[in-house]
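Let us read a protein model piece by piece. Keep the sequence and the 3D view open as you go.

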Amino acid sequence: MATGAQPAMVPTLKGGLGTALSLRTALRRAQASACVLMAALLIPGPLFAQSPRPRVRDLGLVVGTIPPGPLNAITDVAGVRVGHTTIARGDSINTGVTAILPHGGNPFREKVPAAIVVGNGFGKLAGSTQVNELGELESPIVLTCTLCVPRAADAVLTWLLSLPGNEDVRSANPVVAETNDGYLNNIRARPITEGDVLAAIRGAADGAVPEGAVGAGRGTVAFGWKGGIGTASRRLPGQWGGWTLGVLVQTNYGGDLTIGGVPVGRELRKGAGGGGSGDGSIIMVVATDAPLDHLRLERLARRALAGLARTGSNMSNGSGDYVIAFSTRRVLLTVQPPNRLTDSVELVRNDVMSGLFQAVIEATEEAIYNSLLRAETVRGYRGVVRALPVDSTVMILKRYGAIPQ
């Protein structure tokens, strides 16, 4: 009997034919209950309670050579906060919101340097033109589903305008990015509400970041398996600056899944025919405490696309591939009056950028792997999307020598 199941109740019976019939009925009911219980136990586990799944380093695969920060997450960059609202209702609604804040203050009053780079522009990234025109981020970065962008942007405005000190603000630039989760989610219902967005922003915190089918990654699909939210970080050695860089991704794209140089997707599909579609989208958010301006952040963001390519993406015609990068550090070197006309800022020299380039490539690649490995199977609007099979993936990686036998 399964733990927590109630024992079958057999009524008190009197003698004679009535006793036999009642007993037979009771036994049949008990057998039927047992069959139902057995059938439930035989349904694949991922559709019910699922044990925590591993990150890529738990498999023994080390991506790159630069060590991660203590959490191996975007929140290793001091001050950065992440919040999720996950929306799962029945089999038709699987979506959510993920919010990334550069610091715990008022982002409109304490703007940070930023840049947005487009790999392939099949997407709806609100707020991108002002970020690239002024080189600044003045709002949280919010990730959600494609048809929810307008509602999410309006909710970000509600939050920004309500902050103390913003009472006279008449223009603000919410940054909202998306991927299309319309296979697992009834996207036309546009289920995101202002409250969902505000909950993700207000709940954003430092520390470990939940990954997989959470927040804006609840309904996403990557390489034909369940995608989601993933994160990773790198801490540069002292001779390279000692800075920390973190990446968070929302994966919803396709191609030929490659993990650590191993054609995992091809091996998993042997005999099944075909391969994963290249269409879809991915949002990559890059944070660093290195003092970078818009130009250097743009250079950094372009290298994140190299990390994406390592995983097997071809940035197809139907894919929206975006990188949003920001620096949390903007140091004024001299004391200046409030009515100053110039800024004096510390910047990483261009000839020192290569270490950061390597860090963002490695962290982006690893964050994508984590998004797949941590995601669980989800039953949704148009069907079931299975989680990447961990045991089979480990066997393939061992066979190719990517991880120890």
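A nonpolar core is a set of buried Ala, Val, Leu, Ile, Met, Phe, Trp, Tyr and Cys residues joined through side-chain atoms within 4.5 Å. Buried means under 20% relative accessible area, exposed means over 50%, and partly exposed lies in between (1.4 Å probe, protein chains only). This is a predicted model: local features need pLDDT of at least 70, side-chain atom pairs count only at pLDDT 80 or more, and totals for chains, interfaces and linings use all residues. Residues are numbered from 1 along each chain as its sequence is written, and side-chain values use heavy atoms, with hydrogens and water left out.

Q: What is the mean pLDDT of the protein?
A: pLDDT is the predictor's confidence in each residue, from 0 to 100. It stays under 50 over residues 1-49. Still, 84% of the residues reach 70 or more. The mean pLDDT is 88.

Q: How many helices and strands does the protein have?
A: Both are DSSP runs, numbered from the N terminus: helices (H or I) have at least four residues, strands (E) at least two. The count for the protein is eight helices and 14 strands.

Q: Which element gives the largest share of the largest nonpolar core?
A: This core has 53 residues, and Val-286, Leu-300 and Leu-356 have the most contacts inside it. Several elements each supply at least two residues, among them strand E3 (112-121), helix H6 (294-310) and helix H7 (354-374). The largest share is eleven residues, and it comes from H7.

Q: Which residues is Leu-300 in contact with, leaving aside its neighbours within four places in sequence?
A: Contact means heavy atoms within 4.5 Å. In soluble globular proteins, nonpolar side chains tend to be buried together. Leu-300 is one of the residues with the most contacts inside the core. Its partners are Leu-245, Val-286, Thr-288, Leu-292, Met-353, Leu-356, Phe-357 and Val-360.

Q: Is Glu-211 buried or exposed?
A: Glu-211 lies in the loop between helix H4 (194-202) and strand E7 (221-222). Leaving aside neighbours within four places in sequence, its contacts include Arg-55, Asn-370 and Arg-374. Its relative accessibility is 8%, so Glu-211 counts as buried.

Q: Which backbone nitrogen does the side chain of Glu-211 reach?
A: A polar contact is a pair of N or O atoms within 3.5 Å; within protein, one must be able to donate a hydrogen and the other to accept it, and residues adjacent in sequence count only if both atoms are side-chain atoms. Here the distance is 3.0 Å. The nitrogen belongs to Thr-231.

Q: Why is the pair of Phe-223 and Tyr-253 described as it is?
A: Rings of Phe, Tyr and Trp (its six-membered ring) pair if their centres lie within 6.5 Å; planes under 30 degrees apart count as stacked, over 60 as edge-to-face and the rest as tilted. The structure holds one aromatic pair. The ring centres of Phe-223 and Tyr-253 are 4.9 Å apart and the planes stand at 70°, so the pair is edge-to-face.

Q: What is the relative accessible area of Phe-223?
A: Phe-223 lies in the loop between E7 and E8. Its phi is near 60°, a positive value in a residue other than glycine. Phe-223 is buried, and its relative accessible area is 1%.

Q: How does Arg-190 count at 39% relative accessibility?
A: Arg-190 is found in the loop between strand E6 (175-179) and H4. It has a positive phi of about 45° although it is not a glycine. At 39%, Arg-190 counts as partly exposed.
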